[in-house]
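Q: Could we go through this model feature by feature, with the general idea stated before each case?

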Amino acid sequence: MRVMVSVNVMDYPEVGGHFWVFMQYVQGLRSAGCDVWWLDEFRPTEDSQRDRDRVSVFSRRLAAYGLDGKLVLHTKEGTYLDRSAAQAEAIFRDTDLLLNFHLPIQPSLLAQFRRTALVDIDPGLTQWWIASYSVAPHELYFTTGETVGRPGTKFSDCGLPWIPIRPPVALDLWPRVSEPQYEAFTTVSSWWAPEKEWVFDGREHYDNSKRAQFLEFSGLPRMTSQPLELALCLGEKDAEDLRLLRANGWRVRHSFEVAGTPEDYRRYVQSSRGEFSCCKASCMKFQNAWISDRSLCYMASGRPVVVQHTGPSSILPDRLGMLRFSTMAEAADCLNEAAANYSRHSRAARELTEAFFDARRVAEQILNHCSSLGKGA
């Protein structure tokens, strides 16, 4: 079965973690026996040589993970960079499933595939986007949100038949590793967000950036003996934020330096003692039981995670392997508990990913639902 994943990664060449979000699905599909291709939207610049270099680097990056020669680049204008339109369209005709992660995909491009499925990896925000903008219809709709479409959910399902799946992690590429080389609990995070101010439920405006949440917990290093480090992409406009974080005891590094490639990102995660991270405000307001793909990478590596509580869950623990907090005092308690019983939480973190988030099992679930449509090969 040929599966093509549609994403927008080429525009973020120095964000290693963004690459891994979708590579987890790719590796799950490959382990389930699929012939997987990568479809990416590319924005050409005025520097053609720089564009060629970007494509070359990205092609080699994909080849390292089993996708040599299996990249199709398209633009919003409907052109292709790496092959002719006839060649691209022939590949599309021979594709059994387009697994789409790119909401703004052009309907004309989507129409070239015999079977299409949209994957929601940001529950609540995805549905807000669909309700606010025109999103082309798909045949199937998958969501990593536990609460999407269920009674009592705090956001609309847009009238779509969402199929719940779990966010995947490729366990063979993210093995449990030995004792951490680094003493700090870390995370790799954005700082600002495109959704910085948007309307929630037609009544409330709020800052939905990671920046807003981390600043609420800026005093946390003073409440725990565990070193805390943030890998962020900060610029000159963030000088005051940087001073505030460091004055309160945070270690801050530039994310491009420690996680600019997929390999650097994995190395940074696996060298860390664990993860400490906040979530976007929408996760708490939606109570969507969200878990980050990044947290799964830490946990698969045997690194406990201390993360903000995003609502009741049928599978996410509060104090074992994953320790969830709502207040600064709870965050400090969770960090101290993770450090005091590190081996126990390290083992539990890995076991949780094996039990619920194995990329191959997620891929098989997706394929089973697609096969039930009774169309194509």
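A: We may begin with a single loop residue. Cys-158 is found in the loop between strand E6 (140-143) and E7; helices (H or I, at least four residues) and strands (E, at least two) are DSSP runs, numbered from the N terminus. The model is predicted, so local features need pLDDT of at least 70 and side-chain atom pairs count only at pLDDT 80 or more, while totals for chains, interfaces and linings use all residues. Residues are numbered from 1 along each chain as its sequence is written, and side-chain values use heavy atoms, with hydrogens and water left out.

Q: Where does Ala-289 lie, and what is its phi?

A: Ala-289 belongs to the loop between helix H10 (281-286) and helix H11 (293-300). Its phi, near 55 degrees, is again a positive value in a residue other than glycine. With a relative accessible area of 4%, Ala-289 is buried.

Q: What is the geometry of the pair formed by Phe-214 and Trp-250?

A: That pair is edge-to-face, with 6.3 Å centre to centre and 90 degrees between the planes. Phe-214 is part of helix H6 (residues 210-216) and Trp-250 of the loop between helix H7 (239-247) and strand E12 (251-254), so the pair ties together parts that are 36 residues apart in sequence. Phe-214 is buried at a relative accessible area of 0%, and Trp-250 is buried at 4%.

Q: Which residues lie over the faces of Tyr-342 and Tyr-206?

A: A charge sits over a ring if NZ of Lys or CZ of Arg is within 6 Å of the ring centre and within 35 degrees of the ring normal. Arg-273 lies over the face of Tyr-342, at 4.3 Å from the ring centre. Lys-285 takes such a place over Tyr-206, at 4.7 Å.

Q: How is a nonpolar core read, and which residues of the largest one touch the most other members?

A: In soluble globular proteins, nonpolar side chains tend to be buried together. A nonpolar core is a set of buried Ala, Val, Leu, Ile, Met, Phe, Trp, Tyr and Cys residues joined through side-chain atoms within 4.5 Å. Of the 62 residues in the largest core, Met-23, Leu-29, Trp-38, Leu-99, Phe-142 and Ile-366 touch the most other members. Helix H1 (residues 16-31) gives the largest share of this core, eight residues. A second, separate core of 22 residues includes Leu-228, Cys-278, Leu-323 and Cys-334.

Q: In which order do the strands of the open sheet stand?

A: Strands of a sheet pair through backbone hydrogen bonds, either parallel or antiparallel. Two strands pair if DSSP finds at least two bridges between them. Here, an open sheet of seven strands has the order E12-E11-E8-E13-E14-E16-E15, with mixed pairing. E12 and strand E15 (319-320) stand at the edges, each with a single partner strand, so one side of each is left without a neighbour in the sheet.

Q: How do E14 and E16 pair, and how do E15 and E16 run?

A: Strand E14 (residues 305-308) and E16 pair in the parallel sense over four bridges, with Gln-308 opposite Phe-325 in E16. E15 and E16 run antiparallel, joined by two bridges. In their hairpin, which has one residue between the strands, Gly-321 takes a positive phi near 80 degrees. From strand E16 (residues 322-325), Met-322 and Arg-324 point one way and Leu-323 and Phe-325 the other way, and all are buried.

Technical notes: Phe/Tyr/Trp six-rings, centres within 6.5 Å; stacked < 30°, edge-to-face > 60°. Buried < 20%, exposed > 50% of the residue type's maximum accessible area, 1.4 Å probe, protein only.
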